[in-house]
Each structure stands twice: as C-alpha cells, then as structure tokens.
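Dear colleague,

I am handing over the structure below, and I would be glad if you could look through it with the notes that follow.

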Amino acid sequence: MACICFPIALGPCRSSSLTSFRCIGIQFCKPVKPCRRSLVSVHESTSSVAGFGWHDVLRVAERDDSDSSDLQGYFQKVQACNRGSDLITQFVPFLVESEVVGYIHKSFVNHLLKFFGIFTFMLDNDDYTICEHVTFHSSLKSPEERTRAIGHVIKCLKNHIPGVRDELYPVTSSFGKPIFFSLERAAAPFFGIKAYGVHMNGYAIRNGQKFLWVGKRSDLKPTFPGMLDHLVAGGLPCGITCKENLVKECEEEAGIPRLIAEKAISVGAVSYVDIEEFRLKRDVLFCYDLELPRDFVPKNQDGEVDSFKLIPVVQVANIIRRTEFFKPNCSLVILDFLFRHGFIAPEDFGYLQLLQSLKNGNCS
C-alpha cells in the first residue's frame, strides 16, 4: 500500500463541483411499497414552509379508518432514515490512530487532495488510482492540532457543506472512547462521522390516556423547517454529558425547569445509517421519557420551535403511519416509545422485524 502526503501548507481555499448520484432505499424481508404522499395534500395549507399546519395534522390524527395493526407505514419511516445501503462501497474509511472514525465518499476525497499536509491518502499497491483509506498527516498528533486543521478544511469547503453552525462534535471510534478531534456538526455526514443526539418524548396522562407533546419546528430552522418534532431533542456537542445536554435542551426548547427535566428517564437508543449523495449519516439517538405534570404547558425559549400541541399517543401513531409530517428521525424515537408503552404488540405482523430495524446502525 502506497501513501501520498504533502508538506504542511494551509494555503488558499479552492473548490470544485460535486457530482451527485442516486440513492436506493434499504430492503426489508417484508415487501415495502413505495412511500406515498401524505393523506393531506401539502397544497392544502400555506401556514408553514413545510406545507401544512396544525389543522392538517389534527385532521389526519383523528381519522379512524385504518387497521392499527398494519405496520406498513412504520416500515416506510424506517426506510426513509436508512437509504442507500448498497452505495456504501462508494466510501473509503477515514482512520485516526489506526481506528476507523468515519467514511468519505470517493468523489469527496478529491476535494481533500488540495489540502497539503492535512491528510494522507493510502493508495492500492496495484492500482494507484484507488484510494484505500484517508488519515490525518502524521505531523498532526494532538486533538487540538487536528481540530484546527480540519476546521480550516471546512472553512474552505463551506460552499459544499451547507448549514455550518460553528458547533463542534467530538469524534471517537465509539461512544465514551478518547476524542481524536472535534468536527463541525454540519460536516459530520461528509466525513461519515458517527454522531450522537438526545431525543425526549414528553408525555402526560389524562383520564387514564397517554398524550405526547409534539412540537412544530420554526419555519426559520435551516433543517426540516416547519416539520413536527419531539418536545425536546438536540445533538450531543463536545464537553457535555447526555443528561446535562438534555436538561439544557429542555430549558431552551420547552421551558422545562431543571427540577422537572432531571426526572427524565433514559430508556435506550435507536440508530440508523443513511446515504444521500456524498453524505453518510451514522447517527445514534439516546432516548428519554419524561412524564410531565398535568398542568404543564411547554414554552419555547430559543426561537427554534413555533408551537406545541398535546396529542393522544394513538393519534400521534396515526400521523407517523399516514404522513411525512415528522422530521424523519423523530419517527424512529416515537416508534420506540410505541413499542415500550404497548401501542405496538407482538400480535401485529412484522413486530420483531420492525423492532430490530430501530437499530439498523451500529450502536457503539
């Protein structure tokens, strides 16, 4: 195996066009029909950039004309988060200290060749046009040096990496392991870095019935504007534990005071692997449940949520099965909630298969 490396030179930024490719959905043993449009036309409401308003959501939620044991709509939501599995061969490993920390699309590797002294490209001994894997230049030994160097890369490639928000994610070989460097959140999928987040289902019990608090994202959000979301969710940045991050997000997103937020219960995790063009998302979402007081009403503090609604869990399930109103990965966390609270039962055809599909990614 041969390597290519260059002397350190944080030179001028240059860019080139990216070539996209078609993503194909993952396959399940149970046949999955093509995803249909939502039962509510996106043209029926202009109250949101997502194309729907609360009246559309509630109209779908309250309809009682389908078999709740039919899990087909749920499988489609899992499929939407796990696209392009057959395209993994288009990616090469990204190694740090001999540990695989990510995967980079072969075409995106071409953009990295110009960054002298930051990356080393290991080539196939028999075919020097084939890159076997990418690693940092040997001169970049500390996490701080790597973070600074790759930060320069992200700055130069900002036209190819949308949504840069100056939020750093820790990069490790697996959760809890030493941090090799930190990477801009928006760039994580372009380097195939495993990203972690916290998602909380906030629920209330009224007259013996369980309800979920559902948020509608602000139309100004850079990602999935106007779509439905959990009561609280957020990525896991550097330097904070899952629980502390959740408590922080509870206050910012829903006005939940620490005294209540600390009662949230960790209930597991879901994971997925999604390939779209040059992006490889390997996400693990730590799931939490929080039973809220009957009289509690969430109030957003950071401008990222437009409004909230308290909806019966059975109706939230209808929204998941029948529409694409929810931010895609939120559907997986709600499905996990439906399993754990008995809204999906072993008698439902495909029960175990759907349960297993909530961990399509490597939870490590």
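**What was found**

Of the 364 residues of the protein chain, 52% count as buried; please keep in mind that the model is predicted. The protein chain has 9 helices and 14 strands, and it exposes about 17100 Å², of which carbon and sulfur atoms supply 54%. Among the contacts in the protein chain with a separation of 6 or more, 71% are accounted for by residues 24 or more positions apart.

Helix H2, which covers residues 72–80, packs with helix H8, residues 328–340, at an angle of about 140°, and their axes are 9 Å apart. That angle makes H2 oblique to H8, and the crossing of H2 and H8 is left-handed. On the H2 side the contact involves Tyr-74, Lys-77 and Val-78, which meet Ser-331, Leu-332, Leu-335 and Leu-338 in H8. By class, the residues of this contact of H2 with H8 divide into 5 nonpolar, 1 polar and 1 charged.

Leu-140 lies in the loop between strand S5 (131–136) and helix H4 (143–156), and Leu-140 counts as buried because its relative accessibility is 12%, where the cut-off for buried is under 20%. If neighbours within four places in sequence are left aside, Leu-140 is in contact with Gly-117, Ile-118, Glu-145, Arg-146 and Ala-149. Of these, Ile-118 is 22 residues from Leu-140 in sequence, while the two are 7.4 Å apart in space, C-alpha to C-alpha.

With kind regards

How values were computed: Residues numbered from 1 in each chain as written. Predicted model: local features only at pLDDT ≥ 70, side-chain atom pairs only at ≥ 80, totals over all residues. Heavy atoms only, no water. Helix = DSSP H or I, 4+ residues; strand = E, 2+ residues; numbered from the N terminus. Buried < 20%, exposed > 50% of the residue type's maximum accessible area, 1.4 Å probe, protein only. Contact = heavy atoms within 4.5 Å. Areas by Shrake-Rupley, 256 points an atom, 1.4 Å probe, with all protein chains shown as cover. Axes fitted to C-alpha atoms, helices over the stretch in contact; angles between N-to-C directions. Parallel < 35°, antiparallel > 145°, perpendicular 65-115°, else oblique. Left-handed = near helix turned anticlockwise from the far one by under 90°. Nonpolar A, V, L, I, M, F, W, Y, C, P; charged D, E, K, R; others polar.
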